[in-house]
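Please read them with the coordinates open.

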Amino acid sequence: MILRKAEVNDITAMTAVFISAVEASATHYSAMQRAALVTGTTRQSFWTDLLHREHVIAAFELGKLIGFCSFSSRGEITMLYVHP
């Protein structure tokens with residue numbers, strides 16, 4: 001596994017991992033909650049803002065993004081998603 005700082009060119013893969021993880025968690029989120037989570041994150045600006053505002057680490061396996069984690073400037077985890 002390779003860990004590195006996420007970049008703008010990772011946004012498409014991050015979006016895919018996020019949506020897959022949210023949709024796979026039907027036992028944790030209702031259909032309405034899953035739709036609301038996914039709706040706001042389909043915009044490129046959401047991810048671009050995240051990359052500029054927080055520290056985002058991406059995890060890769062065999063060259064494919066398999067997960068990511070974002071940290072606030074205070075060190076708090078704000079997002080942590082892995083491909084199901």
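**Notes on the predicted model**

1. In the largest nonpolar core, which has 19 residues, the members that touch the most other members are M14, F18, W47, F68 and Y81. Such a core is a set of buried Ala, Val, Leu, Ile, Met, Phe, Trp, Tyr and Cys residues joined through side-chain atoms within 4.5 Å, where buried means under 20% relative accessible area and exposed over 50%, with partly exposed in between (1.4 Å probe, protein chains only). At least two residues of this core come from each of α1, α3 (44-53), β2 (55-61), β3 (64-71) and β4 (77-82), and α1 gives the most, with seven residues.

2. This is a predicted model, in which local features need pLDDT of at least 70 and side-chain atom pairs count only at pLDDT 80 or more, while totals for chains, interfaces and linings use all residues. Residues are numbered from 1 along each chain as its sequence is written, and side-chain values use heavy atoms, with hydrogens and water left out.

3. Helices (H or I, at least four residues) and strands (E, at least two) are DSSP runs, numbered from the N terminus. Contact means heavy atoms within 4.5 Å; leaving aside neighbours within four places in sequence, M14 is in contact with A6, W47, L50, V56, L65 and F68.

4. T15 belongs to helix α1 (residues 11-24) and counts as buried because its relative accessible area is 15%. Not counting residues up to four places away in sequence, T15 touches T41 and W47.

5. R74, in the loop between β3 and β4, is exposed, with a relative accessible area of 68%. The C-alpha atoms of R74 and E54, 20 residues apart along the chain, are separated by 9.6 Å.
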